[in-house]
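Please look through the model shown below. Some questions and answers about it follow.

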Amino acid sequence: MDSETQIGTVIRVHGGHYYVRIGDTELDCRMRGRIKKNKSDVQLVAIGDHVEILYSELEGAIIENILPRKSALLRQSPPPRSFRPGQVHYGKGEEAQVIVANPDQVVVVFSLLDPEPNPLMLDRYLVACEAVELPILIVANKVDIVDQSEPDLMNLYEEIGYHVIRTSAVSRQGLSELYNALHGKISVLTGPSGVGKSTVMNALWPQLNLKTGEISEIHGKGKHTTVVAELFYLEEETFVADTPGLRTFRLWDIQPQELDAFFPEMAPFRDQCHFQPCSHLHEPKCAVQAAVDSGQISDIRYESYCRMYEQGF
Ligand code: GDP
Ligand code: ZN
């Protein structure tokens, strides 16, 4: 190999080794010492980061430079009790941890049956995704075991404006549409277990050879827990991140007063309420409640809103 630098994507980090994908090859890289000294960024290198690699016979593959991040999914610990809304918080002296750098979208996977989708649970995922301000794709899997001539819960989400792809790993329905939606992107896959995340990924990219249930929540609770996360390389420029649990997202940070911002269908109404701010729970002349009464906002979604407002997550 010559001494030109090449750009690759970090897919795994372990004990000072950075595993970087460049096209079809995976390189075990070390980091140039001076990079560590120069940067005071939130976590220097995370999976999803694009890096410049220099290879030499003498040193092997070395990360010479880290390209700027265009986005990041962060894991933060809950704030101390003295936390005030609007404050920037990175936990008690500990830095925010980058779960995935440069994600292009979050793919929320549910199944239409077995397990049947629970709207409150789906709404929690959607609110969490809205709060991290990443594009959202809903995948409704296991269409092969439902009567597709009947309307289903996903119609509601399509009406709101979410992009829903109905899939089946068995009949392969929707798989090419899903392939197109994932191609060329870094996607963060999330959703409850048992809905078919691993099976669908295997159906698209058999070489992944994931065990059933292998794409599952990362359980990282305490600050000493190492989050072992991996970016699965699917093909050129196409990656899927191991599922971060819902707690990864910004949920603890969402104040009830800002919850309506994460229900996109409430946007046309929230500024028309008589009282400002309005919780939309019991105030008179509330435009959101009026929209629920007239059917412009669904009862199901409004119920999720009320539950989350009153009980948190
Ligand atoms: P994960 O926990 O989300 O990764 O779910 P798995 O991929 O482990 O799948 C859970 C179960 O659902 C397995 O028994 C799969 O065989 C089954 N499954 C996955 N996709 C489909 C599908 O499209 N149709 C049907 N009928 N079953 C599926
Ligand atoms: Zn209101």
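**Loops, a metal site and a helix pair**

Pro277 sits in the loop between helix 6 (267-270) and helix 7 (287-293); helices (H or I, at least four residues) and strands (E, at least two) are DSSP runs, numbered from the N terminus. This is a predicted model, in which local features need pLDDT of at least 70 and side-chain atom pairs count only at pLDDT 80 or more, while totals for chains, interfaces and linings use all residues. Residues are numbered from 1 along each chain as written, chains are lettered from A and ligands numbered from 1 in the order written, and side-chain values use heavy atoms, without hydrogens and water.

Q: Is the peptide bond from Gln276 to Pro277 cis or trans?
A: Pro277 belongs to the loop between helix 6 and helix 7. The bond that joins Gln276 to Pro277 has omega near 0°, and its form is cis.

Q: What is the geometry of the site of the zinc ion (ligand 2)?
A: Donors are N, O and S atoms within 2.8 Å of the metal (3.2 Å for Na, K and Ca); water is not among the atoms, so sites may look incomplete. Here Cys273 (SG), Cys278 (SG), His280 (ND1) and Cys286 (SG) lie 2.1 to 2.4 Å from the ion. Four donors count as tetrahedral if all angles lie between 85 and 135 degrees. The angles among the four donor atoms are 102 to 114°, and the site is tetrahedral.

Q: How are the donor residues of the zinc ion (ligand 2) spaced in sequence?
A: The protein donors are Cys273, Cys278, His280 and Cys286. Their spacing in sequence is C-x4-C-x1-H-x5-C.

Q: With which side chain does the side chain of Asp104 make a polar contact?
A: Asp104 is in the loop between strand 7 (97-101) and strand 8 (105-111). A polar contact is a pair of N or O atoms within 3.5 Å; within protein, one must be able to donate a hydrogen and the other to accept it, and residues adjacent in sequence count only if both atoms are side-chain atoms. At 2.6 Å, the partner of Asp104 is Lys70.

Q: What is phi of Asn102?
A: Asn102 lies in the loop between strand 7 and strand 8. Its phi is positive in a residue other than glycine, near 60°.

Notes. Tetrahedral: all angles 85-135°; square planar, octahedral: opposite > 155°, others 65-115°.
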